[in-house]
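Have your viewer open and try each task before reading its solution.

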Amino acid sequence: GSSGGREEGSSTTEASTVEEGPTTSTGSTLGGDGGEDGFATTALVAFGASRCDATPELARADAHWAGRAAGQIDAKAQPEPIGAAVAGYREAVAAAPESLEARWKLQRALWFAGDFATPDPEKSRALHEEAIDAAEAAYAVLARRVGGVDALASATPESLAAALSPADRSDAAHLYFWSAVNLGAWSRLAGLLRAVRAGVANRLHEATLRSIALDPDVEQGGA
């Protein structure tokens, strides 16, 4: 299934989706620790495309996302610009709950906030956990496009690609990609034991295959 139980005794949110994740979710870690200057600089300026059918809420969030690097110093972003983007994407999801685009863009913004604008490790981990929870909600939306949770879980990467429209295929590729990125970021902060218990390696592998099958050029081939 696509839901999991909370780790016994845990007061954090990662257990709802990290400790027992779905067999169909997530993908790659996007270049190791994500903190090297070259990639950090790219992340501050890339990942900006949007489709022309955006809702007003999504369009506003995209505008905030485009300004996320304002005031950045040494490849570290200021929290206010990306914070406005995160808030905007939350509003976009609330306004259009069936929008896969709004949902994967929320994951992307949460990743950026956690990796590039949040020096406190615990706060960073909480942002990645929110993104993982957001991914689970997005998988439920995706499942409705392909015949239900069981159909999504049992689909091969190729059959999933064939079942989706071109627009949904692109959004699903981004969904798996950014889910994986946040899982990888979370696992670095949570530690090896929790990552193993969460089955991160298998989840990243499965999502990598799905993301590539859906769109091999997603995020410039980052999967």
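**Exercise 1.** Determine how H3 and H4 are oriented to each other, and which residues meet.

*Solution.* Step 1: the axes of H3 and H4 cross at roughly 160° and come within 9 Å. Here axes are lines fitted to C-alpha atoms, for helices over the stretch in contact, and angles run from 0 to 180 degrees between N-to-C directions. Helices are DSSP runs of H or I with at least four residues, strands are E runs of at least two, and both are numbered from the N terminus.

Step 1: H3 is therefore roughly antiparallel to H4 (angles under 35 degrees count as roughly parallel, over 145 as roughly antiparallel, 65 to 115 as roughly perpendicular and the rest as oblique).

Step 2: the crossing of H3 and H4 is left-handed, meaning that the near helix is turned anticlockwise from the far one by less than a right angle; clockwise would be right-handed.

Step 3: on the H3 side, the residues that meet H4 include Ile 82, Val 86 and Tyr 89; the H4 side includes Leu 106, Leu 110 and Phe 112. Contact means heavy atoms within 4.5 Å. By class, this contact of H3 with H4 has eleven nonpolar, no polar and four charged residues (Ala, Val, Leu, Ile, Met, Phe, Trp, Tyr, Cys and Pro count as nonpolar, Asp, Glu, Lys and Arg as charged, and the others, Gly among them, as polar).

A word on the model: it is predicted, so local features need pLDDT of at least 70 and side-chain atom pairs count only at pLDDT 80 or more, while totals for chains, interfaces and linings use all residues. Residues are numbered from 1 along each chain as its sequence is written, and side-chain values use heavy atoms, with hydrogens and water left out.

**Exercise 2.** Work out the packing of H4 against H5.

*Solution.* Step 1: H4 spans residues 100-116 and H5 residues 121-146; their axes lie 9 Å apart at an angle of about 165°.

Step 1: that angle makes H4 roughly antiparallel to H5, and H4 passes H5 in a left-handed crossing.

Step 2: among the contact residues are Leu 100, Trp 111 and Gly 114 of H4, with Leu 127, His 128 and Leu 142 of H5. The contact of H4 with H5 divides into 13 nonpolar, four polar and four charged residues.

**Exercise 3.** Classify Arg 68, Asp 74 and Ala 75 as buried or exposed.

*Solution.* Step 1: Arg 68 lies in the loop between H2 and H3, and it counts as buried because its relative accessibility is 2%.

Step 1: Asp 74 is in the loop between H2 and H3 and, at 70%, counts as exposed. Its phi is near 55°, a positive value in a residue other than glycine.

Step 2: Ala 75, with phi near 65°, counts as buried at 9%.

How values were computed. Buried < 20%, exposed > 50% of the residue type's maximum accessible area, 1.4 Å probe, protein only.
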